[in-house]
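Here's a quick briefing to read with the model open beside you. We'll start with a term, then go through the sheet, the helices and the charged pairs.

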Amino acid sequence: MATVILVRHGRTTANTAGVLAGRSPGVRLDDRGREQVARLGERLSGVPLRGIVSSPMVRCRETAAAVAERQQPGPATVERESALAEVDYGEWTGGTLATLAKEPLWRTVQAHPSAVTFPGGESMSGMAARAVAAVRRWDARVAAEHGDDAPWVAVSHGDVIKAVLADALGIHLDQFQRIVVDPASVSVVRYTPDRPFVLMSNSHDGDLSFLAPPAKKRGAARKRRAPASGDAAVGGGAGPDRG
């Protein structure tokens, strides 16, 4: 299958104010968030993305646009995917985290998120199911069109990306609060017929060029990386260095 680069949107004023923005309209990146996604675009500029898919929330679309603008040879197209949208927090939407932490449901969100349905909103398990299904669907589409080494980006939200990573790691949704996904961070998953491989989680800096498909040498078969076959490299393997 292809390689999905999971990107959380950059920082917003809601993040710094401790407000659960959820699906509130008009929540945009703040100055720091715009700086973050500009740097993110530079990090991904050397990776030939075969697709950029975004949550419809404006903060994600702004983030996706920053990535698309820095693609070579020219700006890439961004497609929207409603299944990557933020959790519908229902009556919790717009509340401060300090206030919400006093609600009885808060402890369940922390310890047993799979049992949570937000009042007037959706369940965490429902969110996880639609997000994982969307990522796997897009991944299969990109692989079918561009090959098993093709990298693509999915821009979404913290809890949504945490749910996708939990699925890839094979851990129960009740453990997903152990995963950290910061604003403008990069996490990478490669799906194979046997298992997903989590190549990176919550990355903020560093070279991402290793995510570009290896160049094919004329007259020679390209060596397959272990994750492409679904077999794990016993002992850890040699890593992505192609030198």
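Contact, or touching, here means heavy atoms within 4.5 Å. With that in hand, take Glu-86: it touches Gly-22, Arg-23, Ser-55, Met-57, Arg-59, Glu-122, Arg-130, His-157 and Val-160, not counting residues up to four places away in sequence.

Some ground rules before the details. This is a predicted model, where local features need pLDDT of at least 70 and side-chain atom pairs count only at pLDDT 80 or more, while totals for chains, interfaces and linings use all residues. Residues are numbered from 1 along each chain as its sequence is written, and side-chain values use heavy atoms, with hydrogens and water left out.

**Glu-86 and its setting**

- You'll find Glu-86 in the loop between β3 and α4 (97-100); helices (H or I, at least four residues) and strands (E, at least two) are DSSP runs, numbered from the N terminus.
- Glu-86 has 8% relative accessibility, so it counts as buried (buried means under 20% relative accessible area, exposed over 50%, partly exposed in between, with a 1.4 Å probe and protein chains only).
- Among the residues that Glu-86 touches are Arg-23, Glu-122 and Arg-130, and those three are linked in a network of salt bridges. A salt bridge is a side-chain nitrogen of Lys or Arg within 4 Å of a carboxyl oxygen of Asp or Glu.

**The sheet**

- Six strands make up an open sheet with mixed pairing, in the order β3-β2-β4-β1-β5-β6; two strands pair if DSSP finds at least two bridges between them.
- The edges belong to β3 (78-80) and β6 (196-203), each with a single partner strand, so one side of each is left without a neighbour in the sheet.
- On average, neighbouring strands of this sheet are turned by 20° against each other, direction ignored. Axes are lines fitted to C-alpha atoms, for helices over the stretch in contact, and angles run from 0 to 180 degrees between N-to-C directions.
- Strand β2 (residues 52-54) runs parallel to β3, joined by three bridges, and Val-53 has Glu-79 in β3 as its bridge partner.
- Helix α7 (residues 158-169) packs on the sheet and touches β1, β4, β5 and β6, its direction making about 145° with that of β1.

**Strand β1**

- Six of the six residues of β1 (residues 3-8) are buried, so this strand is largely enclosed by the rest of the structure.
- Thr-3, Ile-5 and Val-7 point one way, Val-4, Leu-6 and Arg-8 the other, and all are buried. As a rule, side chains in a regular strand alternate between the two faces of the sheet.
- On one side, β1 pairs in the parallel sense with β4 (residues 151-156) over six bridges, and there Thr-3 has Pro-151 as its bridge partner.
- β1 also runs antiparallel to β5 (residues 186-191), with five bridges between them, and Thr-3 stands opposite Arg-190 in β5.

**Helices α6 and α7**

- Helix α6 (residues 124-146) packs against α7 at an angle of about 70°, with the axes 9 Å apart.
- That makes α6 roughly perpendicular to α7 (under 35 degrees counts as roughly parallel, over 145 as roughly antiparallel, 65 to 115 as roughly perpendicular and the rest as oblique).
- From α6, the residues in the contact are Met-124, Met-127, Ala-128, Arg-130, Ala-131, Val-132, Val-135 and Arg-136, and they meet Asp-159, Val-160, Ala-163, Val-164 and Asp-167 of α7.
- The residues of this contact divide into nine nonpolar, no polar and four charged. Ala, Val, Leu, Ile, Met, Phe, Trp, Tyr, Cys and Pro count as nonpolar, Asp, Glu, Lys and Arg as charged, and the others, Gly among them, as polar.

**Salt bridges**

- The structure holds 15 salt bridges.
- Glu-62 forms one with Arg-28, with the closest N and O atoms 2.9 Å apart. Glu-62 lies in helix α3 (residues 58-69) and Arg-28 in the loop between α1 (13-17) and α2 (31-44), so the pair ties together parts that are 34 residues apart in sequence.
- Glu-62 counts as partly exposed at 23% relative accessibility, and Arg-28 counts as partly exposed at 48%.
- Glu-35 and Arg-32 also meet in a salt bridge (3.4 Å, N to O); they are three residues apart in helix α2, so about one helical turn separates them.
- Arg-70 and Glu-69 form another, with the closest N and O atoms 3.8 Å apart. Arg-70 is partly exposed at 22% relative accessibility, whereas Glu-69 is exposed at 53%.
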